[in-house]
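Subject: Structure handover and notes

Hello,

My notes come after it.

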Amino acid sequence: MTEQHSAHERCDILIIGAGPAGLAAAVAAAPSGASITIVDDNPQPGGQIWRAGPQVALPALAQQHRAALARHTNIRLLPGTRVMGLGGTQPIQPGGKAPALLLEDADRGWTQHSHRIVLCTGARELLLPFPGWTLPGVTGAGALQALIKAGLDVRGQRIVIAGTGPLLLAAAATANKAGATVVRVAEQAPWSALAGFAAQLPRWPAKALQALTLLHSQLRASSHVLEVQGTKQVQTVRLRKGQHAEETMACDRVACGFGLVPNTHLGQMLGCALGGPLSGGQGLAVDAQMRTSVPGVFAAGEATGFGGSERALVQGAIAGHVAAGQVQQAQALRPQLARWEGFAQALQASFPLNEALKTLAQPGTLVCRCEDVPYAALADRDGWIDAKLHTRCGMGACQGRICGAATQHLFGWTPAPPRHLLAPARIGTLAACTPAPTSEPVTPSG
């Protein structure tokens, strides 16, 4: 059996996620000579913000990082590959080694061993339930961007984008460029919050310039979705305007984004602690060198909090340097990180969610789409485990990734982290979860 198809594989540094943070970590660590493996479930590197597609012109920075991957022969990219769970019974290995992980691609499953792990698992959109949110044509704001980049034809379609944060304007720009007509951008934050955020942007000139290019004539503040109506697909959307007024608009699509939720499932499975003000305490807690609470495991990017690609790039580079034993190079990046942490703090302070969004769901509104669990079935439950036992909420295909975040916002529940597997795996993949060979990975210098 060749090394490529063995049941066990080894590397010095294993990076989970090929978005800006993951790519920066790999490029930073590469000069050390360490063997580096990057795992990502997408077919190409770049994550959400640098997602490639038929009509996508990647920014120069994304192209530079892609070119760097090709230059460094000690970096191995595994696209279309997912982390299924733990590759052994002990999350924390003796001697401070990183835990083994169980990986799966389209052809096989195997146990991946490494000396260090860098978690760059990013974030997903917070989707809050409201009447009609399960109709065909309703997506997340970021999901709309991803679909368009992948080739979805939206020419001539009328689109309403609602929720909060700069992602709404970015999604509107993507839709307009693809030939759609964005008839409304409904921002739940008030004008005062938007003005306060805009007043701080000159501290980051590139962000200020970007904001000017994204301004949209249909932007309305203090506005949020109330209901999407339609028989077999989206036909109209009802929006709140200000304190008491409403408007109903005809449209073909509705894209809602109520912020982001850090992807911490893998980190929690490994035993990493949560914390950090930039994620409301929901992200992976890291120190100044991007170390988590688990020896041998680092984290960077939006899994630790939200602050844009610039913050993710610097965090990723710090994590990569430290994982490769290059602590001095990591320390030199601290001023850059402080600059983008300031932007992240301004972003978080400007777009808190309105309490009215907790009242959108009606008794019959589905909260768990996988198992068809309505709001009424959850309202009297005592917590996440109680809800799962009585309603199967969170036990469907997405394993609580959507409804778990929604119920945390609606009811204050804390979904329990997975214990061994992140998603259903093939039998052959599970068979690869066997005792490892005795040879050790090469330890990076430092």
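The notes cover the nonpolar cores, a surface patch, the aromatic contacts and some backbone details.

This is a predicted model, in which local features need pLDDT of at least 70 and side-chain atom pairs count only at pLDDT 80 or more, while totals for chains, interfaces and linings use all residues. Residues are numbered from 1 along each chain as its sequence is written, and side-chain values use heavy atoms, with hydrogens and water left out.

Cores and patch

A nonpolar core here is a set of buried Ala, Val, Leu, Ile, Met, Phe, Trp, Tyr and Cys residues joined through side-chain atoms within 4.5 Å. Buried means under 20% relative accessible area, exposed means over 50%, and partly exposed is in between (1.4 Å probe, protein chains only). The largest core has 65 residues, and the members that touch the most others are Ile13, Ile15, Ile36, Ile38, Val118, Ile161 and Ile318. Helix H8 (residues 308-323) gives this core its largest share, 8 residues. Helices (H or I, at least four residues) and strands (E, at least two) are DSSP runs, numbered from the N terminus. There is also a second, separate core of 28 residues, with Leu128, Phe258, Leu357 and Ile402 among them.

On the surface, Leu209, Leu212 and Leu215 form a nonpolar patch with about 350 Å² of accessible area together. Patches take residues with over 30% relative accessible area and no salt bridge, joining nonpolar side chains (Val, Leu, Ile, Met, Phe, Trp, Tyr) within 5 Å and like charges within 9 Å. A salt bridge is a side-chain nitrogen of Lys or Arg within 4 Å of a carboxyl oxygen of Asp or Glu. Areas come from the Shrake-Rupley method with a 1.4 Å probe, and for residues only the protein chains shown count as cover. Leu212 sits in helix H6 (residues 205-214) and is exposed, at 61% relative accessible area.

Aromatic contacts

The structure holds 6 aromatic pairs. Rings of Phe, Tyr and Trp (its six-membered ring) pair if their centres lie within 6.5 Å; planes under 30 degrees apart count as stacked, over 60 as edge-to-face and the rest as tilted. Phe197 and Phe343 have ring centres 6.1 Å apart and planes at 50°, so this pair is tilted. Phe197 is in helix H5 (residues 191-200) and Phe343 in helix H10 (residues 334-350), so the pair ties together parts 146 residues apart in sequence. Phe197 is buried at 10% relative accessible area, and Phe343 is buried at 6%. Trp204 and Phe343 have centres 5.2 Å apart and planes at 75°, so that pair is edge-to-face. Trp204 lies in the loop between H5 and H6, 139 residues from Phe343. Ring pairs link Phe197, Trp204, Trp340, Phe343 and Phe351 into a cluster.

Two arginines lie over ring faces: Arg108 over Trp110, at 4.0 Å from the ring centre, and Arg339 over Trp340, at 5.3 Å. The criterion is NZ of Lys or CZ of Arg within 6 Å of the ring centre and within 35 degrees of the ring normal.

Backbone

Met290, which is not a glycine, has a positive phi near 65°. Met290 is in the loop between helix H7 (265-270) and strand E17 (297-299), and is buried at 2% relative accessible area. Gln399 also has a positive phi, about 55°, without being a glycine. Gln399 is in the loop between helix H12 (384-391) and helix H13 (403-411) and is partly exposed, at 37%.

Regards
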